[in-house]
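Welcome! Please take a look at the sequence and the structure below, and then let us walk through them together.

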Amino acid sequence: MSVNVTSTSPVFGSFRLPPSVKGAPRFRMAVRSNVVSVNAPILTKLQQECATPLPVLRHVAGAMTADMRAGLAVDGGSDLKMILSYVDSLPTGNERGLFYALDLGGTNFRVLRVQLGGNEERVQATEFEQVSIPQELMFGTSEELFDFIASGLAKFAEKEGGIFHLPHGRQRETGFTFSFPVKQTSIDSGILIKWTKGFAVSGTAGKDVVACLNEAMQRQRLDMRVSALVNDAVATLAGARYWDDDVTLAVILGTGTNACYVERVDAIPKLQGHKSSSGKTIINTEWGAFSKGLPLTMFDRDMDAASINPGEQIFEKTISGMYLGEIVRRVLLKMAEAGGLFGKAVPEKLSMPFVLRTPDICAMQQDDSEDLQAVESILYDVAGVESNLNARKIVTEVCDTIVKRGSRLAGAGIVGILQKMEEDSKGVIFGKRTVVAMDGGLYENYPHYRTYLQEAVNELLGTEISKNIVIEHTKDGSGIGAALLASANSKYDHDY
Ligand code: ADP
Ligand code: MG
């Protein structure tokens, strides 16, 4: 089904009852039309409040640019922390040897090994494993979480063989991708500022996460050194740059969201005395904390208030995978309560926070069957909801409204960063090919999200400039990226 979501009036003009319903008893007709007439105003209001026409996008992009500058001027100068990554040199392609990477995201934990063969042979082989992070560990102690990570890594390292080869007498080295806000103190140390994305692990905030991991590796008797601590955006940038010199910006759209980019050291006023041989460094924006000019609704405010970090990560709560499904659930619950969307009773399961996940709303939006069968079965399986066709159409409109807003705002954020870089060095970004490396399960799996994001970028930049800006999905780039950064910061002499 193609859903027209841009029009805000009259939203239900195209909703026709299917032929089978025409002959149905009067009573059912009344119920169905009631679903539409009562919920139409709620949907219309939602669509108006979530609308992201060009002026709103421009305003958000401009606020992002301004907040970046404020965050670069002084620590604490803006919502954006603009954290120094201590990554001053990006991969060249010459890297050689066996390196590991581990990645703690919001949903998954991944381990990877890569055998790098220098400029000629590049990536000779990779192996990886992925497990989802058990729910209880998200609310447990720091030791429990890090023991889980170290033991997964130890088991994976035991299976090393074949082409993977560590020169005699060397210690294994790993990159550690840790996708939570960290105050980096060097390339291989950093203090956790706070957990995000629903994590509430006790005893980690204020501690060096590399020390936490090292202690856990010792407990697991795993002899491995963390030679680079990076977040997923920085690792993605490094991984993508290994293949393509035009990559200057990386964005993560997964459970949470973040962005980083290559900045000139002399454009960072708060940085005094930092030496970088390249004159450049990667800045981790932590843009999930951005909050200016976003079109928000009561559903967003209620979700925020009920979250474990109220008032924080507002951009993340509007655009990232952890929250889109939950916002939709809150809208549907309101429609069920106030507008009888699913009949007289309000389905009990629909009151459960996070019961509707972003992959569910993605699957519903992709249902192009005439009677929206997939929507029907997802609503039934996930929320125990019985729905008629009109209700299902409303549900897909709600999904589309929330996803369109999130993805277009993500696009505006990207343009905000590009704009900042262009303002500082005219022509360097817009006047030539510039690649935005993109990773994360949301971007990867949600076709509507990708399309809307690209549309917003095109609208903001105009046809000519947007031809130069390439948004590229670099799948698993962050794994290789972290391993490459481990190689760049190896304690051993480089073989090249
Ligand atoms: P992490 O953020 O833990 O590193 P990912 O980058 O793999 O993990 O992103 C996982 C997130 O991607 C999920 O929380 C979900 O929001 C989103 N996602 C995963 N699969 C889909 C899908 N099929 N459709 C839409 N979103 C999805
Ligand atoms: Mg990730």
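Is Leu485 buried or exposed?

## A look at Leu485

Leu485 is buried, because its relative accessible area is 1%; buried means under 20%, exposed over 50% and partly exposed in between, with a 1.4 Å probe and protein chains only. This residue sits in helix H16, residues 477-488. Helices (H or I, at least four residues) and strands (E, at least two) are DSSP runs, numbered from the N terminus.

Beyond its neighbours within four places in sequence, Leu485 is in contact with Val87, Ser89, Ala228, Val230, Val234 and Ala238, where contact means heavy atoms within 4.5 Å. Thr52 lies 433 residues away along the chain, and its C-alpha atom is 38 Å from that of Leu485.

## Around ligand 1

The shell around ligand 1 divides into 5 nonpolar residues, 11 polar and 1 charged. Here Ala, Val, Leu, Ile, Met, Phe, Trp, Tyr, Cys and Pro count as nonpolar, Asp, Glu, Lys and Arg as charged, and the others, Gly among them, as polar. Strand S3 (108-117) and helices H10 (321-339), H11 (358-365) and H14 (441-445) each supply at least two residues of this shell.

A polar side-chain atom of Thr255 is 2.8 Å from an oxygen atom of ligand 1, and a backbone N or O atom of Gly441 is also 2.8 Å from an oxygen atom of the ligand.

## About the model

This is a predicted model: local features need pLDDT of at least 70, side-chain atom pairs count only at pLDDT 80 or more, and totals for chains, interfaces and linings use all residues. Residues are numbered from 1 along each chain as its sequence is written, chains are lettered from A and ligands numbered from 1 in the order in which they are written, and side-chain values use heavy atoms, leaving out hydrogens and water.

Notes
A polar contact is a pair of N or O atoms within 3.5 Å; within protein, one must be able to donate a hydrogen and the other to accept it, and residues adjacent in sequence count only if both atoms are side-chain atoms.
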